[in-house]
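Please look through the sequence and the model shown below. The report after them is written for a reader who is new to protein structures.

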There are 2 protein chains.
Amino acid sequence: MERDETYEHAQKLLKMTGLRPTRQRLGLAHLLFDQGNRHVTAEGLHSEACKSGLSVSLATVYNTLHQFMEAGLLNQVNLEGARTYFDTNLEPHGHYYFADRRELMDVPAPGFDKTALPAPPEGTQITRVDVIVTLHDVPK
Amino acid sequence: MERDETYEHAQKLLKMTGLRPTRQRLGLAHLLFDQGNRHVTAEGLHSEACKSGLSVSLATVYNTLHQFMEAGLLNQVNLEGARTYFDTNLEPHGHYYFADRRELMDVPAPGFDKTALPAPPEGTQITRVDVIVTLHDVPK
DNA sequence: AACGCCAAATAGAACGATTCTAATCTTATC
DNA sequence: GATAAGATTAGAATCGTTCTATTTGGCGTT
């Protein structure tokens, strides 16, 4: 019995967004959304895709990640060192950044209340709130 | 009566840190610390220095900003787009990021409690907490 | 004031992550 | 299966930043 490669779930997501279900987008959607919440970089996802046998260029990975962002399927996380991470968890939450390992983890309880923020200055509106807790290994 | 260019305050700061009071470091310290809290980028500070008649290279601005960080005179703020800002406000606080203007402002009341964060995972310690509230102009 | 040592400053090359460009290939439609 | 619009591609270009090798400058000693 063969492995099912129809990517039903990914198909459905793409249909929702109106993006054409190309081989690359399907494969990337599958990697991103069919295994629980993830934090990926473009480079990371690209090499993962290549390993899994999906032929896709780095430029397309960038394009696709941005399109998924636009479509509201992903969130961006910005942190030190120019590296951008993409997060499949759409709930409001914070992040632990394990600096020594360059890895991200959701903070279960962000410990801050978005609604408790002071009203933003006149003529502006809040578009995102990022809470990043940077961690280093304790030297022993 | 001539303008006083001895930069007393800057001199004092450099003495405290043990960094040699070179012309460049004095000038930059003066720009950074003698006019209230500031948020600067390396590029921004460099062009400001040039305009004010201080001859300094971009590399030196980067070096100096990092040395001031090491010395605890500055904090770094990381946000989208690979651009790093340096902040002279050393108190714990959050930031508004005016995305349309690419400008930073301190958030008077951060609206979160650092102590309310869950204990970090075993073997790690919190080295920084960044709270960034991104704002966009309201289209009217 | 001249000497010399070493830290600091410099220009420009190198770098990593990302975006752009122009050509080629796919997909959906007729 | 021809067509047009959209998607993918390799590689060049860009941005902010760091590195490198060389020159300059601060400062304690003669």
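The text below goes through aromatic pairs, some arginines, one threonine and the contacts with DNA.

This is a predicted model, in which local features need pLDDT of at least 70 and side-chain atom pairs count only at pLDDT 80 or more, while totals for chains, interfaces and linings use all residues. Residues are numbered from 1 along each chain as its sequence is written, chains are lettered from A and ligands numbered from 1 in the order in which they are written, and side-chain values use heavy atoms, with hydrogens and water left out.

**Aromatic pairs**

A pair of aromatic rings is described by the distance of the centres and the angle of the planes. Rings of Phe, Tyr and Trp (its six-membered ring) pair if their centres lie within 6.5 Å, and planes under 30 degrees apart count as stacked, over 60 as edge-to-face and the rest as tilted. Over all chains, the structure holds four aromatic pairs. In one of them, the ring centres of Phe33(A) and Phe68(A) are 5.8 Å apart and the planes stand at 45°, so this pair is tilted. Because Phe33(A) belongs to helix 2 (residues 23-33) of chain A and Phe68(A) to helix 4 (residues 58-70) of chain A, the pair ties together parts that are 35 residues apart in sequence. Helices (H or I, at least four residues) and strands (E, at least two) are DSSP runs, numbered from the N terminus. Phe33(A) is buried at a relative accessible area of 15%, and Phe68(A) is buried at 0%; here buried means under 20% relative accessible area, exposed over 50%, and partly exposed in between (1.4 Å probe, protein chains only). In chain B, Phe33(B) and Phe68(B) form a tilted pair, with 5.8 Å from centre to centre and 45° between the planes.

**Arginines**

Arg101(A) lies over the face of Phe98(A), 4.6 Å from the ring centre; a charge sits over a ring if NZ of Lys or CZ of Arg is within 6 Å of the ring centre and within 35 degrees of the ring normal. Arg102(A) is not a glycine, although it has a positive phi of about 55°. Arg102(A) is found in the loop between strand 4 (94-98) and strand 5 (103-107) of chain A, and it is partly exposed, with a relative accessible area of 44%.

**A threonine in chain B**

Thr124(B) lies in strand 6 (residues 124-137) of chain B and is buried, at 10% relative accessibility. Leaving out residues up to four places away in sequence, Thr124(B) touches Phe98(A), Leu135(A), His136(A), Asp137(A) and Val138(A), where contact means heavy atoms within 4.5 Å.

**DNA strand C**

DNA strand C is surrounded by 19 residues, and the closest are Tyr62(A), His66(A), Arg83(A), Thr22(B) and Arg25(B); a residue is near a strand if one of its heavy atoms lies within 4 Å of it. Of the atoms of DNA strand C within 4 Å of the protein, 85% belong to sugar or phosphate and the rest to bases.

| Residue | Polar atom in | Distance to a phosphate oxygen of DNA strand C |
|---|---|---|
| Ser55(B) | backbone | 3.3 Å |
| Ser57(B) | backbone | 2.8 Å |
| Thr60(B) | side chain | 2.8 Å |

Helix 4 of chain A gives the most to the surface near DNA strand C, with four residues.

Definitions and conventions: Polar contact = N/O pair within 3.5 Å; in protein donor to acceptor, adjacent residues only side chain to side chain.
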